[in-house]
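Hi there,

Here is the structure I promised to send over. My notes follow below it.

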Amino acid sequence: MIDQLQALGFTGMNKLAALGRSLIMLFHSICAVPNPRVGIPLLVKQLHFVGVLSLIIIVVSGLFIGMVLSLQGYTILVDYGSEQAVGQMVALSLVRELSPVVAGLLFAGRAGSALTAEIGLMKATEQLSSMEMIGVDPLRRIVAPRFWAGFISLPLLTMIFSVVGVWGALLVGVDWLGIYEGSFWANMQAAVDFRTDVLNGIIKAIVFGFIVTWIAVFQGYDCIPTSEGISQATTKTVVYSSLAILGMDFLLTALMFGDL
Amino acid sequence: MRMRTIELGVGAFILAGFLALMVLMINVSGLSLSSNDEGYKIYARFENIGGLTVRSKVTISGVAVGKVTDISIDPDAIKALVEMEIEPKYDYLTLDSSASILTAGLLGEKYIGITVGADEEMMAEGDEIEDTQSALVLEELIGKFLFNKVSE
Amino acid sequence: MDSLDDYIIEIKGMSFSRGDRPIFDDISLRIPKGKITAIMGPSGTGKTTLLKLIGGQIRPDSGCIQVEGLDIPRLSRSELFEVRARMGMLFQSGALFSDLSVFENVAFPLRVHTQLPEDMVRDLVFMKLQSVGLRGAVDLMPSELSGGMARRVALARAIALDPDILMYDEPFTGQDPIAMGVLVKLIKALNKTLGHTSIVVSHDIQETLSIADYIYLVADGHVVAQGTTQQLLGETSPQVKQFMQGLPDGPVPFHFPAPDYLRDMLGGDGA
């Protein structure tokens with residue numbers, strides 16, 4: 001019994017120490033004035049790796065989610081004669097909740113794990129060490145561009161997700177199920193408020209982007225430099241990011257839409 | 001050359017993101033690009049506001065002319081005090097206009113419908129609509145029905 | 001042993017532990033200038049850690065590490081940056097940057113520490129690659145190189161700035177005989193032509209003895225023996241003898257500590 005308590009305390013201390021290390025890493029990575037000549041090409045490359053290559057999964061998922069929402073919404077609302085509300089229902093669900101959360105989860109799974117694996121592999125093959133020996137701080141050259149790229153990419157991906165989702169809803173609702181296109185858009189535009197709904201969704205995406213990228217980059221940087229260590233680190237990235245997204249989503253929703 | 005395709009890809013990605021933002025602004029949320037002139041505020045007191053909320057529509061003949069900006073209790077008359085903001089271009093609300101709380105659709109939200117009267121003077125900032133009709137509350141309706149039935 | 005050569009690296013009374021485990025305990029070493037010094041010892045004695053301490057990547061718990069007169073652990077960031085331009089390190093796996101081409105890898109230290117124009121950088125990269133025999137591989141990516149070739153490119157990168165000190169971390173481990181021969185030749189030739197100090201950390205007796213001018217044998221956190229090749233081969237202490245001759249049993253025992261053999265066998269058969 002005492003042993004288990006001790007083990008629990010030990011684990012807790014370890015996690016706290018890891019949190020501290022991650023904060024130190026974050027501070028060293030981003031609180032430095034970057035050299036634009038070197039920094040911008042690195043950032044562009046990472047934006048490609050993290051953002052552009054995630055586009056496919058985001059667009060396809062967004063499309064399908066929009067289509068499914070529209071279909072389900074129609075089946076339920078048509079019994080009340082309110083099927084014109086499908087547009088506003090889909091748009092609100094997407095913009096407020098589904099886009100930031102689903103895009104965030106997909107991002108964590110695809111880009112987050114890729115970042116962790118890449119940095120972890122660099123650590124395991126001593127590339128980070130050799131970079132340090134040559135006199136270049138790997139936190140600034142390797143970690144920082146990836147961090148900014150993730151932070152910028154996720155909001156963009158979220159907005160694309162919303163738009164593609166609405167388009168999918170349009171395809172199913174108007175073209176297939178025969179909802180009147182005029183009322184589809186009109187109801188949507190009346191119900192969706194830019195400041196409260198769209199902007200809040202984007203704020204969520206910015207917060208999620210920050211958290212997911214931070215976790216991904218830290219797990220890679222801090223991992224045990226063996227193949228087993230890297231695989232553990234990638235798993236941790238996906239799990240922690242997902243939990244963090246869902247937890248922060250609740251907090252942000254309560255702050256923005258509830259009356260916290 | 002590989003760098004060039006990467007740069008193009010990233011540029012297109014960021015452009016797509018901003019286009020999405022534009023679409024969200026205009027098509028999805030119907031953000032009007034016209035300037036947000038401050039409307040004028042008028043008040044109305046109701047016995048029962050039903051499910052009326054802040055941001056509910058205010059209409060004349062079904063056309064949206066403003067929105068509800070605040071709901072509170074008037075401590076003197078113990079009634080609900082509703083504050084509405086009307087767009088400045090709708091300046092023909094006569095002093096004797098009436099306001100009712102109506103329902104949109106079967107499940108629908110509550111909104112305020114204003115019927116313009118025949119007075120010569122128009123409403124201005126801070127005026128109050130005297131003639132109001134509260135929302136239909138189902139229990140009262142049933143009560144009335146039963147009462148009528150009993151008295152038959 | 002104490003020749004008139006001056007010492008470019010002096011480590012005095014240095015101690016370093018990782019967690020609870022002491023890795024170095026009051027160790028003292030002197031690396032002579034311009035020669036090839038080998039640091040050898042059984043696996044896990046922290047030889048790579050020693051190189052990292054010299055390079056300033058980690059700080060010792062106590063003691064001083066002086067490189068060209070500068071006390072490494074006490075240098076500021078910018079001073080350390082300057083010193084690192086004069087040190088080159090070849091890691092065990094080469095550690096080439098996987099997202100850069102061979103050219104970009106070798107050019108990396110040049111771009112970081114100098115403001116040389118592009119055509120000069122290009123010339124230098126080609127010269128360094130030529131000296132390791134890989135000028136033809138200049139446009140390949142590290143993933144397209146064999147292990148031995150990757151190490152040679154990493155060597156070209158390590159000498160890009162003509163450092164005063166070159167450190168080799170287990171250069172011979174896991175190499176086929178040809179690659180081994182190439183590396184031995186390169187280490188020796190570079191040391192002779194460029195006149196820098198080489199530190200080779202290894203546990204390959206044969207190869208290391210063939211090129212080392214001076215050898216330190218490190219075990220249990222301090223220096224167990226030191227001297228030239230002849231001196232060490234003539235050493236009679238059992239620890240040194242076991243290591244130098246590769247004897248399977250001696251001061252480093254063959255059997256991992258275990259309970260009595262007979263008891264284990266009988267116990268397994270049941271009552």
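To start inside chain B: the bridge partner of B:I60 in β6(B) is B:I114. Strand β2 (residues 57-60) of chain B runs parallel to strand β6 (residues 110-115) of chain B, joined over three bridges; strands are DSSP E runs of at least two residues, helices H or I runs of at least four, numbered from the N terminus, and two strands pair if DSSP finds at least two bridges between them. Both belong to an open, mixed sheet of eight strands in chain B, ordered β7-β1-β4-β3-β2-β6-β5-β8. At its edges stand β7 (128-129) and β8 (131-133) of chain B, each with a single partner strand, so one side of each has no neighbour in the sheet.

A word on conventions: this is a predicted model, where local features need pLDDT of at least 70 and side-chain atom pairs pLDDT 80 or more, while totals for chains, interfaces and linings use all residues. Residues are numbered from 1 along each chain as its sequence is written, chains are lettered from A and ligands numbered from 1 in the order written, and side-chain values use heavy atoms, without hydrogens and water.

Now to chains A and C. Their contact (heavy atoms within 4.5 Å) takes 15 residues from chain A and 22 residues from chain C. A:E126, A:M133 and A:I134 supply 41% of the area that chain A buries against chain C (accessible area, 1.4 Å probe, lost on being put together, summed over both parts). The rule finds one salt bridge across this interface: C:D99 with A:K45, closest N and O atoms 3.9 Å apart (Lys or Arg side-chain nitrogen within 4 Å of an Asp or Glu carboxyl oxygen). Helix α5 (residues 127-134) gives the most to chain A's side, with seven residues.

Best wishes

Conventions. Buried area = accessible area lost by both parts, 1.4 Å probe.
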